[in-house]
Amino acid sequence: QVQLVESGGGSVQAGGSLRLSCAVSGVTFSVYAMGWFRQVPGKERECVAAISRSGSNIYYADSMKGRFTISRDNARSTVTLQMNSLKPGDTAVYYCAGTPRVSSSPAYTAAKDYGYWGQGTQVTVSS
């Protein structure tokens with residue numbers, strides 16, 4: 001059974017940092033493209049960052065470039081999102097997502113491309 005478990009959310013003041021981790025079990029992690037999404041009430045889930053199964057292709061939403069870093073450790077079956085210079089607008093529930101893909105896959109940015117999701121972790125940034 002596939003399980004994605006996020007950790008590392010919490011509350012921080014603007015300008016601070018948080019590190020989100022997603023532990024994946026029950027599958028061969030190295031064949032999964034991974035992504036981090038976020039959602040606020042009344043809005044669609046948006047892709048924050050995504051990484052291909054090999055780690056060679058990475059995507060960041062424009063507003064996250066230079067502030068967020070996605071990485072993966074295939075040996076530990078984890079994907080991490082380092083978030084720096086956080087802003088109140090980053091407040092949301094953050095979700096880890098995964099999808100098994102063939103080799104040389106890109107970084108997938110649409111929620112519909114992912115079949116597996118974590119339960120979400122709340123990130124709150126105060127001004």
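A salt bridge is a side-chain nitrogen of Lys or Arg within 4 Å of a carboxyl oxygen of Asp or Glu, and by this rule the count in this predicted model comes to six.

**Figure 1. Arg38, Glu46, Arg67 and Asp90 belong to one salt-bridge network.** These residues are joined into the network through salt bridges that share partners.

**Figure 2. The largest nonpolar core holds 27 residues.** Within this core, the residues that touch the most other members are Met34, Trp36, Val79, Leu81, Met83 and Tyr94. Several strands each give two or more residues to the core, among them E4 (32-39), E8 (78-83) and E9 (92-100), while the largest share, four residues, comes from E3. In soluble globular proteins, nonpolar side chains tend to be buried together.

**Figure 3. Leu81 touches residues from several parts of the sequence, including Leu18, Trp36, Val48 and Tyr94.** When residues up to four places away in sequence are not counted, the contacts of Leu81 also include Arg19, Leu20, Ala49, Phe68, Thr69 and Ile70. A second, separate core has eight residues, and Cys47, Ala50, Tyr108 and Tyr114 are included in this second core.

**Figure 4. The whole protein chain, shown for orientation, has 11 strands and zero helices.** The radius of gyration is 14 Å, close to the 14 Å that the globule rule gives for 127 residues, so the protein chain is as compact as a globular protein of that length. The C-alpha trace spans about 40 × 30 × 25 Å along its principal axes, and 41% of the 127 residues are buried. Among contacts between residues at least 6 apart in sequence, 60% join residues at least 24 apart. The protein chain exposes about 6,200 Å², of which carbon and sulfur atoms supply 46%.

How values were computed:
Residues are numbered from 1 along each chain as its sequence is written. This is a predicted model: local features need pLDDT of at least 70, side-chain atom pairs count only at pLDDT 80 or more; totals for chains, interfaces and linings use all residues. Side-chain values use heavy atoms; hydrogens and water are left out. A nonpolar core is a set of buried Ala, Val, Leu, Ile, Met, Phe, Trp, Tyr and Cys residues joined through side-chain atoms within 4.5 Å. Buried means under 20% relative accessible area, exposed over 50%, partly exposed in between (1.4 Å probe, protein chains only). Contact means heavy atoms within 4.5 Å. The radius of gyration is taken over C-alpha atoms; the globule rule is 2.2 Å times the number of residues to the power 0.38. Accessible areas come from the Shrake-Rupley method with a 1.4 Å probe; for residues, only the protein chains shown count as cover.
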